[in-house]
Structure formats: structure tokens, C-alpha cells
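These are my notebook entries on a structure that I looked up part by part. I begin with a sheet and its strands, then turn to a loop residue and a pair of helices.

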Amino acid sequence: MKSNSTSRPSLADRMRQQGMHLAYTAARTAMRVTGDPTSRLLEGQDLLRDPYAVYDDLRARGPLLTSRFPGLAVSTTHAVADAALHDLHVGPPPGTELPPHLRWDSPLSPSLLDTDPPGHTRIRRLVAQAFTPRATMRMEEQAQAITAELLDAAEAKAHAGGQVDLIADLAAPLPIRMICSMLGIPEDRTDRFTEWGSALALSLEPVRPPEMQRRIQAAGAEVRTFITGLFEERRRAGDPGEDVLGRLLAARDGEDRLTDEELVATTILLLGAGFETTVNLIGSGTLALLRNPDQLRIVAEDPANTVGNAVEELLRYDSPVQMTGRLAWADTDLAGSTIAGGTSVMVLLGAANRDPDVFERPNVLDVTRPNAKAHLAFSSGVHHCLGAPLARLEAQTAFAHLLSRFPDLRQTAPARRRTTRVLRGLETLPVSLTG
């Protein structure tokens with residue numbers, strides 16, 4: 001589906017985006033030249049190769065670092081990250097305009113990602129109906145069936161001499177099919193979702209050059225057209241439906257009224273967040289287990305009693321979301337450190353989850369770790385990930401079926417990592433199911 005010409009950015013928008021990129025480039029250059037250690041988060045290959053070594057280096061310099069980038073601070077510890085997630089804001093106060101270096105154009109706005117209470121509460125109350133523990137448990141049977149079907153297909157592919165890719169054959173299709181079922185989107189209309197998700201995920205990146213921004217906008221326009229079409233079909237039918245899309249559509253006229261922009265942005269967020277985190281969790285988690293065969297055996301030999309805690313440890317060990325952002329609009333004390341009003345705080349979730357003050361031997365994978373669930377992989381505070389129960393269910397189901405059925409699973413070629421800094425995951429993971 002192609003976007004129409006009215007969805008293309010205007011000349012003014014393109015000039016502003018180019019100006020923002022040039023401002024970022026100048027600031028990053030200044031940071032590098034002046035030896036600002038936080039520049040490693042914004043450029044170069046260090047963070048992509050081994051983010052945890054970068055985090056260790058930054059943490060050694062203090063729990064909250066002030067960058068030479070205008071109005072930016074970086075959290076490096078679990079305590080400061082948790083405080084920032086609870087105490088700071090995701091967006092500006094009403095009537096306040098973001099400074100130029102913090103502005104971002106995203107198909108995910110306005111949604112739960114960039115809305116604070118009370119607006120956030122209104123949208124979250126509506127969407128939360130789909131992610132209650134009871135609703136999630138009802139999805140367990142479907143997750144089991146989809147996982148078994150995908151593994152059957154992967155095994156048949158291997159027997160026919162094909163190469164099994166854990167990402168394409170399990171990690172991506174499982175959450176896509178699950179979230180589309182919840183939203184009420186037919187499976188035969190989901191062929192572009194993986195491509196769209198990869199593009200929209202780039203909108204979370206702290207630095208987006210013009211070519212990346214163009215890809216985001218193109219995908220955003222296509223997704224918006226797709227979602228708007230789904231809503232129009234249901235309006236014409238006179239029946240919004242009982243699924244999540246139906247609830248969102250009905251909310252346009254109810255107590256939790258959504259604007260048209262909120263309606264579409266929230267649906268796009270659910271589509272993206274509904275599978276991006278889980279794809280990365282299953283992919284990176286499998287790679288971590290393959291690199292630690294003693295830990296893989298623990299799960300494979302007794303998945304019923306080990307897989308729950310193993311998923312928490314995998315979330316901690318190699319977090320699917322490595323960083324997020326919060327804003328301080330007034331001078332604020334943050335876990336004993338004072339930050340000035342107008343400061344943007346880059347909250348390093350990956351660093352918090354490897355904090356040695358919280359996790360003993362943090363760089364070691366231990367699927368029996370007693371406090372593994374203390375991680376911040378799903379954020380914290382009012383913006384704690386709504387879909388966390390579903391992501392846990394999908395990952396537990398995938399690992400339990402995969403490792404009990406194929407305990408001799410092994411990697412057959414190097415994995416290819418995504419070149420993103422916020423979302424950490426794999427593009428490919430070639431495996432043999434039978435050793």
C-alpha cells in the first residue's frame with residue numbers, strides 16, 4: 001500500500017528536519033572533540049558492539065552524568081533510572097513547547113509514549129482492558145498453538161534442506177500473529193508488518209539522519225493509511241467489534257473519548273510495541289542461551305519450573321529496550337543529584353539492569369538468579385509497559401517449546417544485529433534444530 005502525496009512532508013518540514021540533523025551533528029562533533037564520554041551513546045560503533053562495556057565505563061564516572069550536549073543528562077545506575085522513570089515527565093507541560101533539540105516527529109504521537117497524566121491515564125485506562133492478567137491468560141492457548149505450528153514449519157523446512165532462521169521462523173511471526181489477533185486484524189493482511197515495525201522502531205532513535213527520517217515517515221504514512229482503512233471498514237459495517245480495535249473505535253464517543261489522532265497513533269503503537277519487544281527478547285535471549293549452554297540445559301530439562309525466571313533474567317541480561325527518555329521541567333532532585341529545569345534525561349535501562357549494586361555478577365547469565373525480576377526492562381512508574389504480561393507469556397511459551405523440543409539447538413552462522421541503539425535485537429539468527 002502506497003502513501004498518497006498529501007502524506008509527504010512539506011518543504012518546511014524537510015528543512016526543519018535537516019536543520020535538526022545539522023544541529024545534532026554539530027553538537028555530537030563538539031562532544032567528541034571536547035572528550036564528552038556520553039558522546040559514545042550517540043555515535044560510533046562502541047555501543048552497537050558492546051553496550052554494556054560502554055555503560056560500565058559511564059557508571060564508573062557517576063550515577064548521573066551531565067553531557068555537553070545542550071540540556072542532556074544520562075543515568076547510569078538502577079537507583080537513578082528508577083527515580084527518573086517515576087518522577088520525571090515524558091512530555092512538556094500543557095502550553096509548553098519543546099526546545100528544538102528535543103523535538104521529534106513520530107507516527108507514534110500522540111500516544112502513551114509521549115503523554116503524561118491525566119491524558120495518559122485516559123488512554124491507558126482504555127487500552128489496559130486488553131492486557132489484564134485474565135485477558136492475557138486467555139491468550140495462552142493461542143500462543144501455545146501458534147508456537148507449535150511455527151516450530152512444525154521450521155522442522156519441516158530443516159528436513160527439506162532449508163536454513164532455519166530463528167528470527168524469521170519464530171521470533172517475529174509469533175508476536176505479530178498474537179497482537180493482530182488481539183486487534184482483530186486478519187492474518188492475510190499482515191505481510192508488511194515486519195517491515196513497518198522495523199521502520200517505525202527507528203523513530204525511537206536519539207539521532208535520526210534525514211534518510212532514516214524519510215524511511216520512518218514513509219512507513220508511518222502507509223501504516224496510518226492501513227489503520228484508517230480498517231476503522232472506516234468497521235464504521236461502514238456499523239459494528240466496531242469486540243476486539244481491541246473495536247474498543248478503541250467505540251471510545252471516540254464514550255467517556256474515554258479519543259481524538260482521531262490519538263485513535264490512530266495508539267493503534268500504531270500497539271502494533272509496534274506488540275511485537276518489537278518480544279522479537280528482540282526471543283532472538284537475543286536464544287543467542288544468550290546458545291552462548292551459555294549450561295543455562296540452556298537448565299531450561300531445556302525443566303521448562304515448567306525454570307522458564308519464568310529465565311525470561312526475567314534474559315530481560316535483565318540483554319534488555320530489548322536499552323534506553324528511554326524523561327524530561328525535567330523544573331529543578332529536580334533525582335536520587336540525590338540535582339538537575340536543572342529543561343533537562344532531558346537519557347535513562348539507560350540496559351545499564352540499570354547490569355548495576356552491580358543490585359545484581360551480583362551482573363555480566364553473568366544466571367537463569368536461577370533470585371532477584372532477576374528487579375530489572376527495569378519494561379520501564380517503571382505510570383509508564384510501565386502495558387504489554388509486559390503478553391510479552392512474558394509469548395517468550396515463556398517460545399522458549400519452553402523450543403528448548404524442550406530441540407534441546408540440541410545450535411547456532412550455524414553468525415547472527416546479524418540490528419543497527420539501532422534504543423531497541424537491541426537481531427535481524428537474523430541461523431540455527432540447526434537438531435545439533
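**Entry 1: the hairpin and the sheet**

I found that strand 1 and strand 2 form a hairpin with five residues between them, and that Gly-71 in the turn has a positive phi of about 65°. I note that the model is predicted, that local features need pLDDT of at least 70 and side-chain atom pairs pLDDT 80 or more, whereas totals for chains, interfaces and linings use all residues. Residues are numbered from 1 along each chain as its sequence is written, and side-chain values use heavy atoms, with hydrogens and water left out. Helices (H or I, at least four residues) and strands (E, at least two) are DSSP runs, numbered from the N terminus; two strands pair if DSSP finds at least two bridges between them.

I recorded three bridges between strand 1 (residues 64–66) and strand 2, which run antiparallel. Leu-64 stands opposite Ser-75 of strand 2. On its other pairing, strand 2 joins strand 7 (residues 343–348) in the parallel sense over four bridges, and there Ala-73 has Val-345 as its bridge partner. Strand 7 also pairs with strand 4, in the antiparallel sense and over six bridges; Leu-327 has Ser-344 in strand 7 as its partner.

I then read the whole arrangement: four strands form an open sheet of mixed pairing, in the order 1-2-7-4. Strand 1 and strand 4 (323–328) are the edge strands, each pairing on one side only. From one strand to the next, the twist averages 25°.

I checked both faces of strand 2 (residues 72–75) and found them covered: Leu-72 and Val-74 on one side, and Ala-73 and Ser-75 on the other, are all buried (under 20% relative accessible area; exposed is over 50%, partly exposed in between, with a 1.4 Å probe and protein chains only).

**Entry 2: a loop residue**

I located Thr-190 in the loop between helix 9 (173–183) and helix 10 (193–201). Thr-190 is buried, with a relative accessible area of 16%. Leaving aside residues up to four places away in sequence, Thr-190 touches Ile-176, Cys-180 and Ile-185 (contact means heavy atoms within 4.5 Å).

**Entry 3: two helices**

I looked at helix 13 (residues 260–291) and helix 15 (residues 303–317), which pack at an angle of about 95° with their axes 10 Å apart. Axes are lines fitted to C-alpha atoms, for helices over the stretch in contact, and angles run from 0 to 180 degrees between N-to-C directions. Leu-281, Gly-285, Ala-288 and Leu-289 in helix 13 meet Val-311, Leu-314, Leu-315 and Tyr-317 in helix 15.
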